Amino acid sequence: MGVMRVAGYEVPRKFPTTVVGSYPKLPPAKRALRSIRKGETSWNSVYDLFEDAIRGVVEDQISAGIDIISDGEQTREDMVVFFAERVKGYVPGEWVKIFDNVYFRKPIIVSQVEWIDALTVRDWRTASKYSEGRPVKGILTGPYTMIEWSFDLYYRDRYEAIIALAREIRKEIDALVAAGARYIQVDEPALSTRPWREEAEIAKEALKILFSGVDAKKIVHICFGRVEDILPYILDFPIDHFDLEFKNSNFRLLPYLKEYGYNKELGYGVIDVHSTQVESVEEILADIERLMKLGILSPEKIYVDPDCGLKRLPRDIAKAKLKNMAEAARIARDQW
């Protein structure tokens with residue numbers, strides 16, 4: 001697919017800017033989530049608070065100069081639990097430590113998984129309402145990561161569970177495309193934790209189910225772990241675009257892209273989401289130049305974005321990082 005024109009906004013042909021998905025929780029979203037957790041109210045009854053938060057996220061991204069935006073995942077406390085709470089067949093689990101002092105309630109599959117109704121379309125529509133024509137990504141946690149970060153007490157093996165969940169998530173993708181989404185991103189951070197060909201084959205089969213016949217830009221985001229170990233096995237995935245972490249790992253992956261002949265579109269992570277240090281425009285330009293000097297991808301295939309979601313950063317830091325990133329991409333369009 002070429003340059004996207006959405007509601008009058010033309011995404012730049014070279015080095016378009018985007019985000020991976022999450023953004024710091026804005027105060028209205030924090031209030032809404034706290035109220036829901038305490039059992040004081042329902043998700044629907046506080047959606048006006050979520051809408052205020054999504055509008056603020058969109059305004060931040062637009063003012064920073066981002067071309068392809070997100071809703072900031074303001075309604076999602078966790079990328080796995082959000083979907084597990086809304087897909088039939090899951091029940092809540094116990095608290096599990098992920099890293100540092102971060103915990104989540106690892107969900108449990110106790111019966112056949114089943115998609116009941118649209119999960120993310122309302123948030124996508126809300127963001128689109130305020131996006132001034134900029135395209136909004138539809139963003140979903142992929143079936144491989146959902147199963148990897150769940151306890152499964154129902155299916156015979158991981159393969160069966162992943163494929164079953166892929167069939168249900170496809171229904172959400174269809175709902176997003178029907179609503180008008182033209183960029184669909186599936187997040188699979190767990191994929192690099194089992195860097196074996198047979199695991200990549202399972203993920204590939206799941207992606208065929210998710211994306212076959214879908215009229216939208218097909219994106220998979222992978223971060224976390226040694227992506228270079230799985231790179232040879234994923235290059236033929238049935239997608240348009242991989243979104244990958246580079247900055248935090250000091251661009252360790254770059255020589256492997258050249259070695260294995262990477263030629264899909266690339267979401268090129270130039271912002272470290274784990275650091276509050278704001279990358280300068282000059283630093284980001286130098287990092288874009290690193291990729292361009294490899295001579296493997298044209299500027300039309302490179303999307304400039306952060307390594308991952310921005311949710312753990314202070315809002316002013318997140319916005320400053322995006323602003324410098326967008327300015328660097330603007331300058332790079334003249335240079336390349």
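**Notebook: helices and sheets in a predicted model**

I began with two helices and noted that the axes of H2 and helix H11 (residues 315-335) come within 8 Å of each other and cross at roughly 35°; axes here are lines fitted to C-alpha atoms, for helices over the stretch in contact, and angles run from 0 to 180 degrees between N-to-C directions. Helices (H or I, at least four residues) and strands (E, at least two) are DSSP runs, numbered from the N terminus. I keep in mind that this is a predicted model, in which local features need pLDDT of at least 70 and side-chain atom pairs count only at pLDDT 80 or more, while totals for chains, interfaces and linings use all residues. Residues are numbered from 1 along each chain as its sequence is written, and side-chain values use heavy atoms, with hydrogens and water left out.

I then listed who makes the contact (heavy atoms within 4.5 Å): H2 brings Gly-56, Asp-60, Gln-61, Ser-63 and Ala-64, and H11 brings Arg-315, Lys-319, Leu-322, Lys-323 and Ala-326.

**Helix H1**

Next I looked up burial in helix H1 (residues 27-37), where Pro-28, Ala-29, Ala-32, Leu-33 and Ser-35 are buried, that is, under 20% relative accessible area with a 1.4 Å probe and protein chains only, against over 50% for exposed and partly exposed in between. These residues are on the same side of H1 because they cover an arc of only 160° around the axis, the arc being that of the directions from the helix axis to the C-beta atoms. Helix H2 (47-64) is included in what covers the buried residues of H1. After H1 comes Gly-39, and I noted that its phi is positive, near 75°.

**The sheet of 3 strands**

I turned to an open sheet of 3 strands, in the order S3-S6-S8 with mixed pairing; two strands pair if DSSP finds at least two bridges between them. Its edge strands, S3 (87-91) and S8 (151-152), each pair on one side only. Strand S6 (residues 108-115) runs parallel to S8 and is joined to it by 2 bridges, and I found Phe-151 of S8 as the bridge partner of Ile-108. Helix H6 (residues 158-179) lies across S3, S6 and S8, at about 40° to S6.

**The sheet of 6 strands**

Finally I followed another open sheet, whose 6 strands are ordered S7-S9-S10-S11-S12-S13 with parallel pairing. Here the edge strands are S7 (138-141) and S13 (302-306), each pairing on one side only. Strand S12 (residues 265-271) pairs with S13 over 5 bridges in the parallel sense, and Gly-267 stands opposite Tyr-303 in S13.
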